Amino acid sequence: MKKPNSIDQMLADERQFPENMDPPRDLWPGIEQAISRHQQKSSKGLSVNYKIALSSAASIFVAVLAIQLFNPSQSGLPQTPSDQGQSNSGINALVKTFEHEKQQMLVLFKDQPAAINDWQPQLLELEAAATSLRQALNNDPNNAVLIRMLGNTYQQQLDLINRVHAPQWQKI
Amino acid sequence: MTAAVKQYDSEDPDYQLVDKALEGDSQAFQQLYLAHHKRVFALCLRMTASIESAEECTQEAFIKAWRKLSSFNKQSRFSTWLHTLTSRIVLDYLRKHKSWLKLVFSQEETHAPEPVDLASEPGDFDLSTMDSLLLKLPERARLVFVLHGIEGYRHVEIAEMLKISAGSSRAQYHRARNLLQEWLDDEEA
């Protein structure tokens, strides 16, 4: 009877766990693009527009925070129709600010090649998530968790646009 | 430069390329990429269980390696440094990816989407029997198995990387081994 293979035997077998695997596509062009951009940036520093874009992204978090701080459901006060109206207008302001920032960034990076090819489907997914959250907020405008998720989803859209056009890789 | 480093210098053929890359020579860095990308990709694929994620992590690993090259002090081989960097990048990638899924869908790990079926991805990626089984493991068990069983990290190192206890790392490793053995026996039966 054939002796069954053990995991230790398999681990020692280079054919089972090959050290090298070929990626299905050439990954170098994306890397080359990113490192040449990094070289340019190192010599020039960040552009003013880019700094504005980053600070604007941060302002969205402030907006979310403000909505939550002034949200009556957080302070334990009873809700009135006017409270709900305020929440709705706060969310609408947040959405408007974000959309404005996003459009500015897309214009800013319009002529720059992206570091990866599939960033637009990723952006569409995030936009779809934001749409679902907004629909949920129409029925429950004071839901702090939904507002926070919406803010985060928007932030991720900005991060994605920034990252693929001007990678700011994290420290180890 | 110390004698010890000089000796190491002569042992690792990558050091010359590293020095050139540090001076801004992207062609030298491309040589480093060509020498190491297949191994980096293999590590990324085993850790992420997705071709697309593995490609993204591989690119990120080399871009970060370029940026961080000045922090490489030649106390180890370049490949060792690159692999440590890659492991951390993948873990960071998985954390971010998962936190987004949890945030948007409010779901627990067990309900997160299953890893992509590699056989259905374009190009019909060729995997060994063991690699195919490995990619079916639950994420944490898979990560521990790859880092300890294949990459040779100690459980205390893995514990620090995954922010779990060393005991938990050992338990996940045994869980992975048992599952793999069970699946392997089924395949051979």
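Predicted model: local features only at pLDDT ≥ 70, side-chain atom pairs only at ≥ 80, totals over all residues.
Is Lys74(B) buried or exposed? I got a relative accessibility of 10%, so Lys74(B) counts as buried, the cut-off being under 20%. Its side chain makes a salt bridge with Asp19(B), and I read 2.6 Å between the closest N and O atoms. Asp19(B) comes out as partly exposed at 31% relative accessibility.

**Another bridge within chain B**

Next I went to Arg39(B), which meets Glu151(B) in a salt bridge at 3.9 Å, N to O. Which parts of chain B does this pair tie together? Arg39(B) belongs to helix α3 and Glu151(B) to the loop between α7 and α8, so the bridge joins parts 112 residues apart in sequence. I noted both ends as partly exposed: Arg39(B) has a relative accessible area of 27%, and Glu151(B) has 22%.

**Bridges from chain A to chain B**

I asked how many salt bridges there are over all chains, and the count is eleven. Three salt bridges lie across the interface of chain A and chain B. I looked at Arg25(A) with Glu55(B), where the N to O distance is 2.9 Å. I also checked Asp22(A) with Lys38(B), a salt bridge with its closest N and O atoms 3.6 Å apart. That pair crosses from the loop between α1 and α2 of chain A to helix α3 of chain B. Asp22(A) is partly exposed at 46% relative accessibility, and Lys38(B) is partly exposed too, at 31%.

**The A/B contact as a whole**

Then I stepped back to the interface. Chain A puts 42 residues into the contact and chain B puts in 50. I have about 4500 Å² down as the area buried between the two chains, with carbon and sulfur atoms giving 62% of that. Which elements of chain A give two or more residues to the side that touches chain B? My list reads α1, α2, α6 and α7. The largest share is from α2(A), with seven residues. Sorting that side of chain A by residue type, I got 20 nonpolar, 13 polar and nine charged.

**Aromatic rings**

Last, I went through the rings and found twelve aromatic pairs over all chains. Phe29(B) and Phe62(B) have ring centres 6.3 Å apart and planes at 75 degrees, so I filed them as edge-to-face. Phe29(B) is in helix α3 of chain B and Phe62(B) is in helix α4, 33 residues apart. I looked up burial for each: Phe29(B) is buried at 0% relative accessibility, and so is Phe62(B), also at 0%.

Phe72(B) and Phe78(B) were my next pair, with centres 5.8 Å apart and planes at 75 degrees, so this one is edge-to-face as well. Phe72(B) is buried with a relative accessible area of 6%, and Phe78(B) is buried at 0%.

Technical notes: Residues numbered from 1 in each chain as written. Chains lettered and ligands numbered in written order. Heavy atoms only, no water. Contact = heavy atoms within 4.5 Å. Buried area = accessible area lost by both parts, 1.4 Å probe. Salt bridge = Lys/Arg side-chain N within 4 Å of Asp/Glu carboxyl O. Helix = DSSP H or I, 4+ residues; strand = E, 2+ residues; numbered from the N terminus. Nonpolar A, V, L, I, M, F, W, Y, C, P; charged D, E, K, R; others polar. Phe/Tyr/Trp six-rings, centres within 6.5 Å; stacked < 30°, edge-to-face > 60°. Buried < 20%, exposed > 50% of the residue type's maximum accessible area, 1.4 Å probe, protein only.
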